[in-house]
Number of protein chains: 2
Amino acid sequence: MKTQRPLILISNDDGVNARGLYHLIDCVKDLGDVVAVAPAQHCSGQSSAITVDRILRVTRHDDYQGAKIYSVNGTPVDCVKMAMHTILDRRPDVMLSGINHGANSGNSIIYSGTMGAAIEACMMGVPAIGYSFLSFAKDADFGVTTPIINAITAQVLRESLPANVCLNVNVPASAKVNGVKVVRSARGYWTEEYAKFDDPIGRPFYMLTGHFHNLEPDADDTDEYWLARDYATIVPARADMTAHDCVAEFKTKYEQ
Amino acid sequence: MKTQRPLILISNDDGVNARGLYHLIDCVKDLGDVVAVAPAQHCSGQSSAITVDRILRVTRHDDYQGAKIYSVNGTPVDCVKMAMHTILDRRPDVMLSGINHGANSGNSIIYSGTMGAAIEACMMGVPAIGYSFLSFAKDADFGVTTPIINAITAQVLRESLPANVCLNVNVPASAKVNGVKVVRSARGYWTEEYAKFDDPIGRPFYMLTGHFHNLEPDADDTDEYWLARDYATIVPARADMTAHDCVAEFKTKYEQ
């Protein structure tokens, strides 16, 4: 009797040409059959955006290390939806997103296209993991992430994840990772966010910049705390934004 | 002594020309000074997307009923960031988003640009409310929403909201609203999502379609349940996706 290998769906937000996508395939190709469906173009900061007013096309690319590679001219969430509805011939056993070039810690999870794709798969009932690496360097050495990605992915394939929960994994860009911590997202916000310019005829324009202001830098149960100390972090993320602990109190305040 | 009126920041995802924006201004203009900063174009389904690779410009439009109106050529979140960083001269007392043309119930909150804008303000510490109306009709009569929007906004101005919590308010498109319920988001997912076409030279393309599959249609503590029964619903939403109840168990499983 032939046993089917697990099916691993991969997407990202850096696009089908990003090195991180191929590194992620290298990390997990021995764990199952891999199909990657990635945005045709760079989609950083696309969150859970969906394309509602343009047409989408699917393009097949050359295989890589036995993995089938497709691109979609849309967002990371479009890629996951398109994979599930038109590309894959069976349900994936796990969905992986990344590996992202740059951190998705703190409240960046809200803006992250990497996590947008993982949350989308999660809402469809597919165990999902977003992987991010804390370096934007073009020649970044992803090697330190390999055993971490392989171990977490293998464990999720074995044990699955609770319904409606996915994992947000960040790996520091250091020569040695001290360990893996399960934590919550650090609370904070982005500040000093726009650089202002004047165009050649004197009209102002703006570009996004700024930095993350961590509201709780000493909290040792947060991702920011441990990433700064060269640990990889796992935040379990729930695809349900309801503030359940507020419902009862708000009933007395707001119901009519 | 002159007391300053509350400052009300408004944005939306249907764009600066949407009727819902001006209806929302009409609903709250007696509660404070209003400044609206809305996307130059339609941004439905933009979630918490941010513009990272294009320049942004701010355009001043004609005032409406004493409210100052601006547009930004970006996403709803860009509008809130730009308002806070470059347009407003003081912190707003409340941020309102909408009124959206169409529902943001169930898991649509994840994709919603309307709620993306509200969540952004919430993360900056500004009490925020997203308003949505369950009609896409061009000539929809928003009248039924007026007393609901006015009452909830006035209450939040008086009492504020807990840190990191905003409100997702949906109003049914019926002649009479039976009341207001505080609930959680119904669990579900979108299905049968793409219509397939062939272009004139035979190449396939796709457009988003599909419908929401409610996994718990009989749950009377969910938004979908009460909206179907002509009640308005309030979901308290938390701008933190951490699945806090999973952290302890996952520590034993995944830490290294």
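In which sense do strand 6 and strand 7 of chain B pair, and over how many bridges? The two strands pair in the parallel sense, over five bridges. This is a predicted model.

**Sheet of chain B**
- Nine strands of chain B form an open sheet with mixed pairing, in the order 3-4-2-1-5-6-7-13-8.
- Strand 3 (58-64) and strand 8 (180-182) of chain B are the edge strands, and each pairs on one side only.
- On average, neighbouring strands of this sheet are turned by 20° against each other, direction ignored.
- Phe133(B) has Val171(B), in strand 7 of chain B, as its bridge partner.
- Helix 1 (residues 19-28) of chain B lies across strands 1, 2, 3, 4, 5 and 6 of chain B. Helix 1 of chain B runs at about 135° to strand 5 of chain B.

**Ser160(B)**
- Ser160(B) sits in the loop between helix 4 (146-159) and strand 7 (165-171) of chain B.
- Ser160(B) is exposed, because 12 other C-beta atoms lie within 10 Å and 12 or fewer counts as exposed.
- Val126(B) is 34 residues from Ser160(B) in sequence, yet their C-alpha atoms are 8.8 Å apart.

**Contact between chains A and B**
- Chain A gives 62 residues to the contact, and chain B gives 62 residues.
- Elements of chain A that each supply at least two residues to its side include helix 2 (76-87), helix 3 (113-123) and strand 13 (232-238).
- Helix 6 of chain A supplies the largest share of that side, six residues.
- The chain A side divides into 34 nonpolar, 17 polar and 11 charged residues.

Methods:
Residues are numbered from 1 along each chain as its sequence is written. Chains are lettered from A and ligands numbered from 1 in the order in which they are written. This is a predicted model: local features need pLDDT of at least 70, side-chain atom pairs count only at pLDDT 80 or more; totals for chains, interfaces and linings use all residues. Helices (H or I, at least four residues) and strands (E, at least two) are DSSP runs, numbered from the N terminus. A residue is buried if 20 or more other C-beta atoms lie within 10 Å of its own, exposed if 12 or fewer, and partly exposed in between; C-beta atoms are placed from the backbone. Two residues are in contact if their C-beta atoms, placed from the backbone, lie within 7 Å. Ala, Val, Leu, Ile, Met, Phe, Trp, Tyr, Cys and Pro count as nonpolar, Asp, Glu, Lys and Arg as charged, and the others, Gly among them, as polar. Two strands pair if DSSP finds at least two bridges between them. Axes are lines fitted to C-alpha atoms, for helices over the stretch in contact, and angles run from 0 to 180 degrees between N-to-C directions.
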